[in-house]
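Subject: Structure handover

Hello,

Below is the structure I said I would pass on. My notes on it follow.

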Amino acid sequence: MNTHSVAARAPSEILQAGEAIRLDGATFPQRAQFSYITHKGVRLRVLVLPSNAVEARGTIILVPGRTEFIEKYFETAESFRARGYAVLLMDHRGQGLSDRLLPDPLKSWVGSFDHYVDDLAFMVKTLEADLPRPHIIVGQSMGGAIALLGLISGHLDPDAAVINCPMLALYGLDTPPLTLTVSILSHLGFSRRRLPFQPANEGIPVPFKGNKLTSDKTRYTRWRAYFDNAPRLRIAGPTYGWIRAADKAMRTIRRNAKKLKTPTLIVQTSMDTIVIPSAVKEFAHMANTDFKMIKGARHETFLEQDQYRNQFFESFDDFCKKNAL
């Protein structure tokens, strides 16, 4: 348990001491400050990692993807801290150690992606005294969609954004008949039912061979160990309602690309088989953002081999230098 430094400033009914999953042999960050923050009746787990520098360079607001959890990003957070930044991380509602939204904790459901955005904005506001400026929001996959939705709507106001493999179009859900069918079934009462024939249906990831996330077996095995050893972190395939909410969010983002005014770098991987690389590249062009394609890497750049992962951080460093961040 760790009490957070904002405890003296935030009402006790909003902020409580947090918890973390510790695995044998896994690296745990120093000065980690875990909290639970209650927002609109949902208890959300959050982590603040102070900068390793005497004077913080700024704060990375790191926004995870679907099924993900804070502990997955320890290595990535340390890469940002090594650059002088503080880091903010949270478990989205419905996953990690934040409150699950349905009686079956394995079901991946959300009423609207606006709820994710609202949670994130509330978190930043509540903890702002511990988050030195400038703020750089870094979103991965679904987290990239959440970040872009918040930027376009004006509910999030960072100084810059770096979005990795954003969920703007999904393989298998890129045809209007399919998305229409999912929407109709959701309205007919299937919203909280899982889609059939999904891999990892009980929240246990597929074996490394044939996975769509990374070509790095060591990082994949380390990530999977949390699901194997901490059942509370598990989450299965998406429900019809989650798919409907995701489709609405993706269409909103793509339709409003030109409204993106925050300095933004979008990084995409060429071997991504979850989000459609060409759709991401097209959005970056429409939004007039910086763009980097990492050839040969799969969807989870932060879990990839060093030869790919390092390209992300090289692009990040160049973007920050260009924008004086």
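In which loop is Cys165 found? Cys165 sits in the loop between strand E7 (160–164) and H4. Helices (H or I, at least four residues) and strands (E, at least two) are DSSP runs, numbered from the N terminus.

Before the rest, a note on the basis. This is a predicted model, in which local features need pLDDT of at least 70 and side-chain atom pairs count only at pLDDT 80 or more, while totals for chains, interfaces and linings use all residues. Residues are numbered from 1 along each chain as its sequence is written, and side-chain values use heavy atoms, with hydrogens and water left out.

Backbone

Most residues other than glycine have a negative phi, and most peptide bonds are trans. Cys165 has a positive phi, near 45°. With a relative accessible area of 0%, Cys165 is buried (buried means under 20% relative accessible area, exposed over 50%, partly exposed in between, with a 1.4 Å probe and protein chains only). Ser141 also has a positive phi, near 55°. Ser141 is placed in the loop between E6 and helix H3 (142–153), and is buried at 9% relative accessible area. A cis peptide bond, with omega about 0°, joins Arg133 and Pro134. Pro134 belongs to the loop between helix H2 (113–126) and strand E6 (135–140).

Salt bridges

Side chains of opposite charge can pair when their charged atoms come close. The rule used here asks for a side-chain nitrogen of Lys or Arg within 4 Å of a carboxyl oxygen of Asp or Glu. The count by this rule is 17 salt bridges.

One of them joins the side chains of Arg219 and Glu75, at 2.8 Å from N to O. Arg219 is in helix H5 (residues 217–229) and Glu75 in helix H1 (residues 74–81), so this pair ties together parts that are 144 residues apart in sequence. Arg219 is buried at 8% relative accessibility, whereas Glu75 is partly exposed at 29%.

Another salt bridge is formed by Asp317 and Arg83, whose closest N and O atoms are 2.7 Å apart. Asp317 lies in helix H8 (residues 306–322) and Arg83 in the loop between H1 and strand E5 (85–90), so the parts tied together are 234 residues apart in sequence. Asp317 is partly exposed, at 28% relative accessibility, and Arg83 is partly exposed, at 24%.

Asp290 is partly exposed at 24% relative accessibility, but Lys322 is exposed at 57%. Through shared partners, salt bridges join Glu75, Asp216, Arg219, Arg222 and Asp306 into one network.

Aromatic rings

Rings of Phe, Tyr and Trp (its six-membered ring) pair if their centres lie within 6.5 Å; planes under 30 degrees apart count as stacked, over 60 as edge-to-face and the rest as tilted. There are 16 aromatic pairs by this rule. In one of them, the ring centres of Phe28 and Phe74 are 5.3 Å apart and the planes are at 75°, so the pair is edge-to-face. Phe28 is in the loop between strand E1 (15–17) and strand E2 (33–39), and Phe74 is in helix H1, 46 residues apart. Phe74 is buried, at 5% relative accessible area.

Phe208 and Tyr220 have ring centres 5.6 Å apart and planes at 65°, so this pair is edge-to-face. Phe208 is partly exposed with a relative accessible area of 24%, while Tyr220 is buried with 2%. Ring pairs also link Tyr73, Phe80, Tyr85, Phe302, Phe312, Phe313 and Phe316 into a cluster.

Helices H1 and H8

Which residues of H1 and H8 meet? Glu75, Thr76, Ser79 and Phe80 in H1 meet Arg309, Phe312, Phe313 and Phe316 in H8 (contact means heavy atoms within 4.5 Å). The two helices, H1 and H8, pack at an angle of about 35°, with their axes 12 Å apart. Axes here are lines fitted to C-alpha atoms, for helices over the stretch in contact, and angles run from 0 to 180 degrees between N-to-C directions.

Regards
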